[in-house]
Amino acid sequence: MDDPARRTSDECTFGDRPDRRDLTIDPLNPCMSLGAMYAAFGIHRAMPLSHGASGCVRFQRMEIARHFQRVLHVPSTMLDDRAAMYGGEDNVREAVANVFRLYDPETIVLFTTCLSETIGDDMQGIVDRLDVPEGKRAVWVSTPSYTGSHLAGYGACVAAMIGQLARPLRQEAPLSRLDAHPARSDAWLSQSEVHSPCSETWSDRGDADSGGVNTCGLRGDRALLVPGWCDPADVEAIEELVAPFFADTIMLPDIRDVYDVRPSDAADIYPPGGTPLRRIEEVASCGFGLFIGIEATEAAARAFEEASPLARIVRSALPIGVTASDAIVRAAHEMSGRVVPDRIAEQRRRAVEALMSQADLLYGKRAMVICDADAACGLAGFLVDAGMVPACVVAGDTASDFEERLQGCIASASGERSAANVLPCAVLVPSDWLDAEEWLAAHSVDIILGDSRNKRLAARAGVPLVRVGFPNADRSLSFIDSYMGYRGTIRLLRDIAGALIEAEEASLEPHELPIARYF
């Protein structure tokens with residue numbers, strides 16, 4: 001029988017995948033609970049609280065701590081065998097009281113784990129019965145670790161923030177849509193003519209005018225910006241693309257100045273970053289919502305639609321590469337009606353020039369992408385932008401439409417040719433590292449893009465690894481530079497080109513090494 005995993009790259013098509021085993025060997029993605037913990041730190045003075053056994057929170061906390069090379073405080077309800085039989089409400093009540101007493105957070109984000117979900121605790125009822133101090137808030141989110149990835153847990157946590165913390169729109173007057181602000185046709189005549197299928201169409205729930213406030217409190221000059229799974233530098237890069245188009249932008253969650261600052265020695269002192277609680281309460285007043293990273297933000301987008309049914313919403317892929325960045329800039333322009341700032345236009349020009357300058361080195365090089373679903377779509381589009389071939393894309397748990405979205409990103413970056421035959425590309429989802437090992441043993445690539453856990457895979461294959469995604473735990477300060485936006489495109493281009501050159505020179509004798517590559 002023909003095995004799709006053993007076909008040559010030219011024979012592989014979207015939808016082909018090897019027969020799935022009943023056993024996952026070395027999973028590619030962390031669990032939902034870790035994603036909820038990651039997002040919870042994006043609220044100012046918030047404390048995540050794991051409702052499960054102590055081992056769960058230690059593992060999840062360790063993964064994030066390794067990536068950012070810093071210590072994290074994350075308490076647990078410490079479920080034991082008795083709680084497994086009779087329920088964990090007493091553990092939750094005791095843990096919440098201790099956290100408020102010892103850490104004094106403004107908000108507790110209580111997330112579940114495998115054990116508490118299997119028990120079947122009535123979390124909404126437990127939270128309703130909690131003794132929460134005045135002026136404090138408690139949010140809970142269901143994140144069973146045996147379903148979904150860290151992206152799903154991240155999105156579920158942000159959705160819980162919106163659904164449980166945002167104030168509803170005023171209902172004194174009938175809900176009315178704001179007048180649409182026409183987009184200027186001359187905003188970016190020569191630079192953003194490509195519309196990416198990675199970016200979905202506008203919601204039909206209403207239009208907004210940049211600058212107005214309607215009778216129910218919806219503000220046409222305010223946008224909610226929800227970044228997907230990102231490093232702090234990535235959040236900064238996304239805001240740089242979007243914020244100039246709106247008078248007020250609410251970033252949720254905002255992990256800047258949280259993971260990338262030195263932790264305090266005092267347990268009750270929180271980092272300066274995070275979205276303030278008062279800003280989360282204003283989310284429903286946003287006339288626009290931009291959700292960057294489809295799988296990590298889909299649940300949050302649905303929660304925002306319920307909280308602000310008249311807002312205009314766009315869902316977009318992560319802005320990795322020129323094409324994906326163009327899609328976000330055009331979306332922000334069309335929502336606000338404002339002209340693209342000269343600064344952003346200049347950044348794009350430089351990114352395009354950088355891509356052109358490296359075409360002779362990168363054209364036709366075959367790359368293997370191994371990372372989470374959202375990063376995989378962005379990286380595949382970037383590879384096509386750069387003239388490279390995404391020979392194989394490997395991801396763990398993904399949404400059912402992942403392959404369709406991946407096709408769309410590749411088709412858009414390649415000039416919107418027919419997605420059926422844009423590039424020969426093997427797609428292994430849902431998958432694990434054994435699948436990646438087996439595919440790589442049968443096919444050749446020039447480079448691997450993925451997190452630091454792929455270093456042994458790359459070493460065995462004898463190809464360079466460019467570290468992208470989460471976690472990157474073997475290189476100092478790997479989180480301080482972003483590969484997103486136009487400037488991030490240049491950084492990623494530099495690192496890929498440098499890795500290929502170093503691999504090329506590795507076989508040379510010292511006296512054969514060129515002193516200069518250009519001129």
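A: The lining of the largest pocket takes at least two residues from each of α14 (373–385), β12 (465–467) and α18 (485–505), where helices (H or I, at least four residues) and strands (E, at least two) are DSSP runs numbered from the N terminus. The model is a predicted one, in which local features need pLDDT of at least 70 and side-chain atom pairs count only at pLDDT 80 or more, whereas totals for chains, interfaces and linings use all residues. Residues are numbered from 1 along each chain as its sequence is written, and side-chain values use heavy atoms, with hydrogens and water left out.

Among these elements, α18 gives the largest share of the lining, five residues. The space in this pocket comes to about 660 Å³, and of the 32 lining residues, R467, V468, N472, S478 and Y483 are the closest to its centre. Pockets and cavities are both found on a 1 Å grid over the protein atoms alone: a pocket is an open set of points with protein on both sides within 12 Å along at least five of seven lines, a cavity is a set where a 1.4 Å probe fits but cannot get out, and lining residues have an atom within 4 Å of a point. Grid points are joined across faces, edges and corners, and the volume is the space filled by probe spheres set on the points.

The largest cavity holds about 70 Å³ and is lined by 15 residues, with L28, N29, H150, C371 and D372 nearest its centre. By class, the lining of this cavity has seven nonpolar, four polar and four charged residues.

Helix α7 covers residues 150–165, and its end C-alpha atoms are 22 Å apart, which agrees with the 22 Å that 16 residues should span at 1.5 Å a residue; the expected span is 1.5 Å times one less than the number of residues. Of the 16 residues of α7, 13 are buried, that is, under 20% relative accessible area, with over 50% counted as exposed and values in between as partly exposed (1.4 Å probe, protein chains only). S149, in the loop between β3 and α7, caps the N-terminal end of this helix through a side-chain oxygen that lies 3.2 Å from the backbone nitrogen of L151. S149 is itself buried, because its relative accessibility is 4%, and its C-alpha atom lies 6.0 Å from that of P30, 119 residues away along the chain. P144 is in the loop between β3 (137–141) and α7, and counts as buried at 9% relative accessibility. The C-alpha atoms of P144 and S116 are 8.2 Å apart, although 28 residues separate the two in sequence.

Strand β5 (residues 248–251) contains D248, which counts as buried because its relative accessibility is 16%. The D248 side chain makes a polar contact with that of R279 at 2.7 Å, the term meaning a pair of N or O atoms within 3.5 Å, of which, within protein, one must be able to donate a hydrogen and the other to accept it, while residues adjacent in sequence count only if both atoms are side-chain atoms. In the loop between β5 and α9 (277–281) lies P253, joined to L252 by a cis peptide bond with omega of about -10°. Another cis peptide bond, with omega of about -15°, joins V429 and P430, and P430 belongs to the loop between β10 (426–428) and α16 (433–442).

Finally, I25 lies in the segment before α1 (32–40) and is partly exposed, at 34% relative accessibility. Its C-alpha atom is 6.7 Å from that of W433, although I25 and W433 are 408 residues apart along the chain.

Conventions. Ala, Val, Leu, Ile, Met, Phe, Trp, Tyr, Cys and Pro count as nonpolar, Asp, Glu, Lys and Arg as charged, and the others, Gly among them, as polar.
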